Amino acid sequence: MALSSAFAVTATTTAAADTTSRSSWCMNSLRSTLPSLPPLPTSSIRFPHSPSSSSSRTLRISRSKPKALLPSFTGLAPLHPLFLSGSSSSEFTGFDHCFTIIDNGGRVSAMRHGRRVPKLNRPPDQRRALIRGLTTQLLKYGRIKTTRARASAIRKYVDKMITLAKDGSLHKRRQALGFIYEKQIVHALFAEVPERYGERNGGYTRIIRTLPRRGDNAPMAFIELV
Amino acid sequence: MCMMGASVDPLVVGRVIGDVIDMFVPSVGMSVYYGSKHVTNGCDIKPSMATSPPKVTLTGGNIHSLYTLVMTDPDAPSPSEPTMREWLHWVVVDIPGGTNPTQGKEIVAYMGPRPPVGIHRYILILFEQKGVLGGVEQPAARASFNTRYFARQFNLGLPVATVYFNSQKEPASKRR
């Protein structure tokens with residue numbers, strides 16, 4: 001579910017990036033190229049580069065441009081993005097005016113500036129449940145294999161649980177019981193952690209990246225307790 | 001994660017069956033008492049309470065046959081890294097049926113639980129002997145004991161009774 005939407009976003013961003021790079025288009029060239037079917041594989045291959053480089057510049061400026069030049073299109077997303085991208089691939093000149101699909105209120109950047117919370121494509125309640133479940137399993141089994149985004153999202157919470165166990169007081173134990181789903185794991189954690197991580201200050205996990213998942217090519221990683 | 005319908009047996013849930021012994025059908029009753037505390041599967045026993053051997057009573061077994069009692073700890077030195085699995089605590093052979101281990105021959109002297117790290121399981125396993133066991137010598141070391149191998153070596157077969165308890169290091173100083 002999250003992955004198909006991710007694909008749709010990349011498809012439209014890649015296509016849209018090319019459509020608005022044509023700031024000097026005119027309607028004639030557009031109409032002439034509309035009926036022809038674009039070679040889809042090439043369009044999808046070329047454009048992974050363009051959003052990253054072009055989106056860094058002129059984002060909000062270019063948003064208005066497609067509306068002015070291409071009045072037949074409504075909204076930000078072109079109606080036939082793949083058509084346009086494929087047809088104009090031969091006339092590709094530059095990355096001057098870029099366009100990325102705005103699905104987050106107009107703020108898009110290739111860098112991670114200001115992004116504090118990993119959303120994991122889920123509403124807040126499900127996100128919390130996912131993180132709780134993953135940390136419970138990691139503390140139970142010692143090493144789990146999951147996607148890279150999830151692995152890096154739970155690092156903070158696993159370290160938090162181990163820090164609670166290092167303290168060892170009743171209050172901290174009850175706080176840990178409120179987060180981890182299985183109480184046996186909390187008790188085992190509070191019994192082991194002072195010995196195991198007594199000298200180590202932080203950094204109780206390690207992430208090792210592995211091969212992508214076959215079904216959806218999601219980047220996977222092992223996360224394990226150090 | 002256990003399947004709720006398939007395994008509610010505490011020995012399976014506690015991974016005793018699997019880590020130490022194989023699935024068996026209990027045929028002899030064994031009750032273990034540390035002082036006044038009766039040991040049930042998975043109960044918590046403090047190491048200070050278990051320094052001396054427990055009182056073990058066998059019921060329902062064949063009076064004429066002999067039994068062997070083995071006590072091991074599969075979580076030595078730490079449950080998440082059991083490099084010394086299993087640690088042998090106690091071996092008594094030639095226990096006459098219906099009595100207790102004081103009537104048997106103690107091959108390995110009783111050693112109380114002393115878990116250094118984490119929560120350890122301490123498992124008492126009772127085997128039925130085919131005959132008098134001769135030539136049972138002390139194992140070279142308590143560490144890296146293998147109950148299955150021991151049973152196979154002396155042709156003891158599957159256990160007839162098992163009970164286990166948990167124990168963890170008592171906090172030396174007052175908790176914050």
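A: Chain B exposes about 8800 Å² of surface, and carbon and sulfur atoms supply 56% of that area. Areas here come from the Shrake-Rupley method with a 1.4 Å probe, and for residues only the protein chains shown count as cover. The model is predicted, so to speak a calculated one: local features need pLDDT of at least 70, side-chain atom pairs need 80 or more, and totals for chains, interfaces and linings use all residues. Residues count from 1 along each chain as written, chains are lettered from A and ligands numbered from 1 in written order, and side-chain values use heavy atoms without hydrogens or water.

Now go inside. Chain B has 176 residues, and 47% of them are buried (under 20% relative accessible area; exposed is over 50%, partly exposed lies in between; 1.4 Å probe, protein chains only). Chain B holds 3 helices and 9 strands (DSSP runs numbered from the N terminus: H or I of at least four residues, E of at least two). Read from the N terminus, chain B runs α-α-β-β-β-β-β-β-β-β-α-β.

Next, the backbone. Most residues other than glycine have a negative phi, and most peptide bonds are trans. Chain B has some exceptions to look at.

Start with the loop between β5 (66-73) and β6 (87-96) of chain B, where Pro77(B) sits. The peptide bond from Ala76(B) to Pro77(B) is cis, and its omega is near -10 degrees. Glu86(B) is also found in the loop between β5 and β6 of chain B. A cis bond joins Arg85(B) to Glu86(B), with omega about -15 degrees.

Follow the chain into strand β6 of chain B, and you reach Asp94(B). Asp94(B) is not a glycine, yet its phi is positive, near 60 degrees. Is Asp94(B) buried or exposed? Asp94(B) is buried, because its relative accessible area is 14%.

Move on to the loop between β8 (119-128) and α3 (147-153) of chain B, which holds Ser144(B). Ser144(B) is not a glycine either, and its phi is positive at about 55 degrees. Here the setting is open: Ser144(B) counts as exposed because its relative accessibility is 53%.

Now glance at the other chain. Chain A has 226 residues, and 38% of them count as buried. Its accessible surface comes to about 13200 Å², with 56% belonging to carbon and sulfur atoms. Chain A comes to 10 helices and 3 strands. From the N terminus, chain A runs α-α-α-α-α-α-α-β-α-α-α-β-β. Among its contacts between residues at least 6 apart, 69% join residues at least 24 apart.

One helix in chain A is worth a look. The buried residues of α7(A) include Leu130(A), Ile131(A), Leu134(A) and Leu138(A). Among the elements covering the buried residues of α7(A) are β1 (143-147), α8 (148-167) and α9 (170-179) of chain A. Just after α7(A) comes Gly142(A), with a positive phi of about 90 degrees.

Definitions and conventions
Contact means heavy atoms within 4.5 Å.
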